[in-house]
Amino acid sequence: MTEKIQQIIDDIRLKMAGLDHQLKDVRANNAVLQAELNESNIQLEKSKKEGESLVDAINELKVALEAANNQVVEVDRPAQGRRDDEIDELVKEIEYCISQLKK
């Protein structure tokens, strides 16, 4: 009976050693995964900050573009054409006056 008890105790010790080894492997794997998770979280925060910076830059560019658009002086094409016609008329009148003076 003592031999049988000793055999059972040895079997339990072997199982405990196997479980202890498995536990160490799982803990090591867990440590690796935790380190990867921490690194991923750091990268995520960096990406969020970069994204926020890009959004801020886009907003600044939109404001600058709007300000630039507001500063642009638009030339009214029909009004410019009308001015050209008025200038042509004045030139004709001046030429007519000069021709009258020559007579």
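In which helix is E89 found?

Author: E89 is found in helix α2, residues 77-102; helices are DSSP runs of H or I with at least four residues, numbered from the N terminus. The model is predicted, so local features need pLDDT of at least 70 and side-chain atom pairs pLDDT 80 or more, whereas totals for chains, interfaces and linings use all residues. Residues are numbered from 1 along each chain as its sequence is written, and side-chain values use heavy atoms, without hydrogens or water.

E89 belongs to a negative surface patch together with D84, D85, E86, D88 and E93. Such a patch joins like charges within 9 Å, from residues with over 30% relative accessible area and no salt bridge; Asp and Glu count as negative, their charges being placed at CG and CD respectively. Accessible areas come from the Shrake-Rupley method with a 1.4 Å probe.

A salt bridge requires a side-chain nitrogen of Lys or Arg within 4 Å of a carboxyl oxygen of Asp or Glu, and the count is two. In one, R13 pairs with D10, with the closest N and O atoms 3.8 Å apart; both lie in helix α1 (residues 2-71), three residues apart, about one turn of the helix. R13 is exposed at 54% relative accessible area, exposed being over 50%, buried under 20% and partly exposed in between. D10, at 30%, is partly exposed.

K24 and D20 form a salt bridge at 3.5 Å, N to O, and are four residues apart in helix α1. K24 is exposed at 54%, while D20 is partly exposed at 36%.

Definitions and conventions. Helix = DSSP H or I, 4+ residues; strand = E, 2+ residues; numbered from the N terminus. Buried < 20%, exposed > 50% of the residue type's maximum accessible area, 1.4 Å probe, protein only. Patch = residues over 30% accessible without salt bridge, like charges linked within 9 Å, V, L, I, M, F, W, Y side chains within 5 Å.
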